[in-house]
Amino acid sequence: IKSPAGFFITLTVPVVDHEKPNDNWNKWLNVLHCVTAPLFFVLVTRLGFYNIGGAFPVWTLVVIISTILAMVVAHTSKEDKKPAYHSVFAWIGFVISVIWIYSVAGEIVDILQTFGAAFDVSNGILGLTFLAWGNSIGDAVSNTTMARQGFPHMAVGACIGSPLFNLLIAVGVGSIIKMATGATLEFPIYFSQVELVAVGFLLLSLSCTALVVSSLCFKLTRYYGVFLICLYVIFLVSSIVAEAKVFHISISGVITED
């Protein structure tokens, strides 16, 4: 089942592995990566469909430049010895891996929206449940493992740093893309009742964490962990109730969809 996906990933993502002979250098495969990786990048991000001068597509220019680059790599490298610039392929592999994740995540969001439309569930509920769980389960398992192995500070730092990265970078990059592709530097953001509940519980949990941790001299207890789990359950119930329009939240200056 995974063979087709693995085939295309192999064709587009260069891998530098120091545990393998010659750091996994494969001359002709890496030469092919010089063409397939940039082309995959511009096609998935849709940058390749823009036209230069109204007639010359960007993807054509990328193919020309990447082909020249591939010829240079083929001429300056050997099959049995990695070149001095082999580490550059590691950075290329990292970027293309991110693009693969971006592409798969987009498909998952489309599937969730399909289920939401079929069962009349809002995007807010889908994002707060299935999508949030899918994004966070891996972090929860890895952070718990780190804490049990004797690295609690690293685990707590990851618990705070990971969602902070998603919140700031994801919203920041998304806003930049929106402003770059739009005609204005301002665009409205609409909040549903579910999202207003989420913002309220986010502020409540952060405030409680700041107060409790500082009052306990930056030490966490099991009781506070149970409190956070109960708070999350209350948040889920409140979100479902808000989705059912049992109550209505109105904040001055905030544009709502309801």
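1. Cysteine 217 comes out as exposed, because its relative accessibility is 60%, above the 50% mark for that class. Please keep in mind here and below that this is a predicted model. The closest cysteine sulfur to that of cysteine 217 belongs to cysteine 208 and is 18 Å away, so the two are too far apart for a bond; a disulfide would need the sulfur atoms within 2.5 Å.

2. How many disulfides does a search of the whole structure find? The count is 0.

3. Helix H7, residues 193-215, packs with helix H8, residues 222-243, at an angle of about 165°, and their axes are 9 Å apart. Since angles over 145 degrees are classed this way, H7 and H8 are roughly antiparallel to each other. The crossing of H7 past H8 is right-handed.

4. For anyone who wants to inspect that contact side by side, H7 contributes Gln193, Val194, Val197, Ala198, Phe201, Leu204, Ser205, Cys208, Thr209 and Val212. On the H8 side are Tyr224, Phe227, Leu228, Leu231, Ile234, Phe235, Ser238, Ser239, Ala242 and Glu243. Sorted by class, the contact of H7 with H8 holds 14 nonpolar, 5 polar and 1 charged residues.

5. Now to another helix pair. Helix H2 (residues 27-44) and helix H3 (residues 58-76) have axes 9 Å apart and pack at an angle of about 165°. That angle makes H2 roughly antiparallel to H3. H2 passes H3 in a crossing that is right-handed.

6. Which residues of H2 meet H3? They are Lys27, Trp28, Val31, Cys34, Val35, Pro38, Leu39, Val42 and Leu43. Their partners in H3 are Trp59, Val62, Val63, Ser66, Thr67, Leu69, Ala70, Val73 and Ala74. The breakdown for the contact of H2 with H3 is 15 nonpolar, 2 polar and 1 charged.

7. Leucine 69 deserves a look of its own. This residue is found in helix H3 and is among those that meet H2. Is leucine 69 buried, exposed or partly exposed? At 44% relative accessibility, leucine 69 counts as partly exposed. Between leucine 69 and valine 35 there are 8.0 Å in space, C-alpha to C-alpha, while in sequence they are 34 residues apart.

8. Two backbone angles are worth checking by eye. Most residues other than glycine have a negative phi. Asparagine 22, which is not a glycine, has a positive phi of about 60°. The residue sits in the loop between helix H1 (3-12) and H2. With 32% relative accessibility, asparagine 22 counts as partly exposed.

9. The second case is arginine 46, a residue other than glycine whose phi is positive, near 65°. Where does arginine 46 lie? Its place is the loop between H2 and strand S1 (51-52). Arginine 46 counts as exposed because its relative accessibility is 59%.

Key. Residues numbered from 1 in each chain as written. Predicted model: local features only at pLDDT ≥ 70, side-chain atom pairs only at ≥ 80, totals over all residues. Heavy atoms only, no water. Axes fitted to C-alpha atoms, helices over the stretch in contact; angles between N-to-C directions. Helix = DSSP H or I, 4+ residues; strand = E, 2+ residues; numbered from the N terminus. Parallel < 35°, antiparallel > 145°, perpendicular 65-115°, else oblique. Left-handed = near helix turned anticlockwise from the far one by under 90°. Contact = heavy atoms within 4.5 Å. Nonpolar A, V, L, I, M, F, W, Y, C, P; charged D, E, K, R; others polar. Buried < 20%, exposed > 50% of the residue type's maximum accessible area, 1.4 Å probe, protein only.
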